[in-house]
Structure formats: C-alpha cells, structure tokens
Amino acid sequence: MKLVWKLLRQHISIGQFAGFTLANLIGLVIILLGFQFYQDVSSIFSSRESFMKKDYIVVTKQVQAVSALTGKGNSFTTSEIKDLETQPFTRSLGLFQPADFSISASMGMKNVGIQFSTEMFFESVPNEFVDYDSSQWNFQPGDDFIPIILPRNYLNLYNFGFAQTRGLPKLSENIISMISLDISIKGHGKSGHYQGKIVGFSNRLNTILVPQSFLDWANVEFGSGEQVHPSRLILEVYNPTDDRIVKYFQAKGYETEDDKLDQGKTTWFLKIVVGIVLGVGVLITVLAFYILMLSIYLLVQKNAEKLENLLLIGYSPSRVAYPYQLLTLGLNAIVLVLAFLVLMIVRKYYLEILETLYPDIIIGGIGKTVLVGLFLFVVVSFLNMWVIHRKIAFIWKRKG
Amino acid sequence: MDKIELKQVLPLVFEERRSLMQSDVWLQNLTFQKGHLYLVEADSGTGKSSMCSYIFGYRKDFTGQILFDDKDIHSLRVAEWVDIRIRCLSILWQELRLFPELTAMENIQIKNQLTGFKSQKQIDEWFERLGIGDKRDSKVGRLSFGQQQRVALIRSLCQPFDFIFVDEPISHLDERNSEILGELLLSEAQKQGAGVIVTSIGKHMNLDYDQILKL
C-alpha cells in the first residue's frame, strides 16, 4: 500500500487541499456555531415552564365598568367562540372551564407549625394544551388525588412578600411539590375530600389548573348544572407574529393575558436570522465540497495513466480508490475537529457575555451540535467516497 | 483457465476491410491451449497489441466473441477480472506500463506485494541474470527501453498464470539478453504448465513454437 500511495500522491496540490480545508472549516463553523447559538439563546426567549405548548395565547375580554358591576358580559358566547375557531390563524382553541362548586384548600407542614387554609377556585383547559405526562395529568372518579398546576406568581407572592415580612421559611418549587394539599369540595348538597398535589408552576396561566377529566366529573357531581360560559379562551396559533391576530383582537375588543405575542415575534426573528446564517454556512460547505471534488477529479485525471496501470496489473478499483478515500476522510475529520475547537472557543466568549446579561440563563450542552457535526461529517464523507469510487470505476471502463 | 477462444473476432477499425481480411486470427475460430507455445507474427498496424488488450479486458472495441473456458468475457464482473489478472493471465505489454516514478525494484514489488508469489531472493537472482542487478534502485524513467523491458518481464513473472502474453518482448534487446529472457520465460511457463503467446513484428525469439499464426 505504501508503494501505491507513493505513486498516487503524485500531483497532489497542497494549495487546493488547503483551500478546501479552509473553506470547509469556515462553512462548518458557521453551521455549528449558528446551531449552537440558537440552542443557547433560545432558552432566554422560551419561558422556563416546559409543560405548556409553545405558541398559545390566553384570550380574555376587556373588563368594563358595567360588566364588572353586573358580573356578566365578559364571558364568551358560543357564536364568538365559533367565529374565533374558524379564523385562519387559529390552529386550535380550548375553553377555560371553571369549577361550578366551592373549594377550600388547606396546606401545611404540621411539624413546622405552618398551616394555611384558603378558599380556592379551579379551572381546566383541554389536555392537548397541557404538555404534561398524560398518565399523571389525569383524574378518574374514585381517585382521591388531584394533580394541580399553580401560577408561579403565587409562589413568588409567598416567598418574596409573605415569608419575607413574617420571617417564615422560603419554599422552593421542589419542596412545594412534596407538600400535599387537603382539598374540600362542597356543592349540590354533597361534599368530598381530596389530596391535591402540585405538579408544576406556570408563568403564563394565571389560574389554578386541574385536569379537565376532574372538572368534567366534579361539575356533574357537585355542580348546579347551569351552563357556565367561559371567560377565558386558550388559543393555539400557527404563527404568533401574524398581524391578523392583532387586528382581529382589536376589532373584537379582546385582550391577551401575557406578552406571548411579543415573545413570539422575537423568537421568530431569531429563527429567521439563524436560518439565514445556517443557509450561508450550508452554501459555503457545499462550495467547499465542490472544491474538494474538483481537486480529486483533477488529481485522478492527472494520475489516470498510473491508476489504469495499477488496475491492469491486478489492483482492484476499490483498492486503488482507497488512498484517495482515506485522504478525503482524513481531511474531513481534521476539519470537523478544528470546527469543534473554534466552536468551543467562540462559545466560551459569547457565553460570558450572555451570562452577564441574563444571570439566570440555563446553559445547555453542545451534545446536539456534536451530533449535527458528526452527521454532516458522515454524509459529506460518504458522498466523497462514492464520487471517488465512481471516478475510478470510470477509469476501469475507460470512459475517463 | 485451460483455453482462450477467439470466435470471429475483428477490431472495429477493420470493419470496412472485413471481406478482404486474410488472417489466422481475425475472423477465425482460434483456440489458445494451456501448455502450448504460440507465435503471432504481424506487420505493424495489423492489431497485434489490440488482440492483447481485448483478451485483457482493457479494450472492448471489437466484434465477435472471446471466451475463457467457454465463458464470454463480456459477462465477467469487475471482481472476476481482478482475480483473472492476478491468477490466470499475465502480460508483458509492448508499452511496458511501468511506473517511471518508482525504482526498478519498487516496480516489481508493487506487483509482488499483491500476489506474494516470488521471494525477494528469486527476484534479486533474476535481476542479476538479466544483467540489470545494478539498476535495482534506479528510477525506471532513467533506464533505457531495453532495461525497462527486462524489468517488465520480471514483473510479469511475479504472479501465477495459465497464459502469459509477451508483446514484442525483445524489440530492444541484444541476442544474448533475448536468449536469457526466452529461457526465463519458458522455464517459468513450464513450471506452471502455462500457455505462452509471443507476438512479433519481425525479430523474434527462436523458440520451439507449437503454432505460428500470421496476423
């Protein structure tokens, strides 16, 4: 093999291969960096809760003086719901279903001597909007255990308001989720006792959320039987930046509860920018691939006579192709390693800035980016090998 | 491989002269048998090297059929050709097809490493016997054509074969060296029971040919 390589390395142009390595390195670094940067930065824009679907909006009607007094008028009618459901920007629509019975909850750690008791309300949204393990986010008649999602505000209110001024211990989310609530339900002449367990906190849903299956059952069991119109809707949209949403809401006098639309816009722009950067990276990589292929073609062409003679003295095409395949494989591997090095250096630099700007940012690993890099390496190398094999096969068939 | 058959073979370039063809090879049914010694005599331009190229699967610009043990060579796959070129057929090309960048010895090794057929000692002995012992480490590009012919012969012997084709092997050799080359060729062929096909456009080795064909 040493002799074959001695022959076939003739006419190798260092310049061309250095050019390829550089171009491929730049392309790959742009792709990997763009991908990694998106991974790192998108965690800033996506809120911390993982159990709600991404592109949804909570819709309410504006509370006006008259309706505030009468207690009516800010719930949605059936026709309004239908209309919203058929809008082109709507992917799906869910209703907030309120509980039609009275609830009181007490919670405490008796050995610490803290005990709260409070009147409460429950609401539910269809399960498809709650991205939580559906086997746990469920209730069946006969269960005495109800999973609950609380607004994170409630916890903050306690920790930074109540506990702070009263000298009470602060509670972390983990501790809270270990505490169970005693829940009493009354209505329709019946009462029931249940254990509530807080399974999560939500930044974006200002309600005490229980599984729909629980309310469906409990409203029949304890409710008055009156139909309750929902005052809040949960809306999943195709694209939160769609300006038709804003126009529609203005025309109808609807409001959204949070800044999801703004956040959606930022994320969307981020995606666009990263998309453009990735596109440029891919383009450069494709061009680099092209340079390498041209170099190899040229090399094979210049060494055509030697290759032909090797084939005629009994070397197989795959054996003759092997040195060139090994060469490209080696170059690709070098480029991959260098790209990861550059990525690590650049990332270290921008992470420092990000951490200063957003102290509570959660930094993920580079696992996915490594996978992307390896995937590109495998695909590009495979294509290289195949093209070289084909080129040698042409020489075998004397088609040049 | 026991026989090579040529059935009505004609190079495409001779197609226009098909009716005028008078040859012992072209448009004939001819069989080369293993263990026999053939001389193909030709004027230049009558397609002597083409015949070798066809049989080696290097060129396909002919009509008719070439069969190895009744198998049409058109049906051979790449792997089969590779195997045939290592085990069954050997050739000393008229244009030698050596690698000028490598030394004489490297040119032999690049073949012998593939087949592992001859010992280094044997190869060294052949270099000496053919009078090119001092050229072992010289780049082939710097040797005279006659010296190159001898290197190419050694290379063609570094593999097992059922048939060996030598295309004008002595065109640039003196009588003494021609004789040594002929002896070497025949003794190796006899050892393997192989068929030998020598081509010539005039000057040829004086051997005991079984059949002389006029191309």
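In this predicted model, strand β7 (residues 163-167) of chain B runs parallel to strand β8 (residues 195-200) of chain B, and five bridges join the two. Within this pair, I164(B) is placed opposite V196(B) of β8(B).

Five strands of chain B form an open sheet with parallel pairing, in the order β6-β7-β8-β3-β9. At its edges stand β6 (89-92) and β9 (211-214) of chain B; each has a single partner strand, so one side of each is left without a neighbour in the sheet. On average, and with direction ignored, neighbouring strands here are turned by 15° against each other. A helix accompanies the sheet: α1 (residues 48-55) of chain B lies across β3 (37-41), β6, β7 and β8 of chain B, and runs at about 150° to β7(B).

Leaving aside residues up to four places away in sequence, F163(B) touches M1(B), I4(B), F32(B), K34(B), L89(B), A194(B), G195(B) and I197(B). As a general principle, nonpolar side chains tend to be buried together in soluble globular proteins. Which residues touch the most other members of the largest nonpolar core? They are L28(A) and F163(B), in a core of 96 residues. Helix α2 (residues 14-45) of chain A gives the most to this core, contributing ten residues. Apart from it lies another core, made up of 39 residues, including L93(A), I183(A), I185(A) and V237(A).

The two chains also meet directly. Their contact takes 14 residues from chain A and 16 residues from chain B. On the side of chain A that touches chain B, the elements giving two or more residues are α1 (2-8) and α10 (304-312) of chain A. The largest share of that side, four residues, comes from α1(A). By class, the side of chain A that touches chain B comprises eight nonpolar, four polar and two charged residues.

Helix α10(A) has a further partner within its own chain. Its axis and that of helix α12 (residues 367-396) of chain A come within 10 Å and cross at roughly 75°, which means that α10(A) is roughly perpendicular to α12(A). From α10(A), the contact involves A304(A), L307(A), E308(A) and L311(A), while α12(A) supplies I392(A), I395(A) and W396(A). Of the residues in this contact of α10(A) with α12(A), six are nonpolar, none is polar and one is charged.

Notes:
Residues numbered from 1 in each chain as written. Chains lettered and ligands numbered in written order. Predicted model: local features only at pLDDT ≥ 70, side-chain atom pairs only at ≥ 80, totals over all residues. Core = buried A, V, L, I, M, F, W, Y, C linked by C-beta atoms within 7 Å. Buried ≥ 20, exposed ≤ 12 C-beta atoms within 10 Å, placed from the backbone. Contact = placed C-beta atoms within 7 Å. Nonpolar A, V, L, I, M, F, W, Y, C, P; charged D, E, K, R; others polar. Pairing = 2+ DSSP bridges. Axes fitted to C-alpha atoms, helices over the stretch in contact; angles between N-to-C directions. Parallel < 35°, antiparallel > 145°, perpendicular 65-115°, else oblique.
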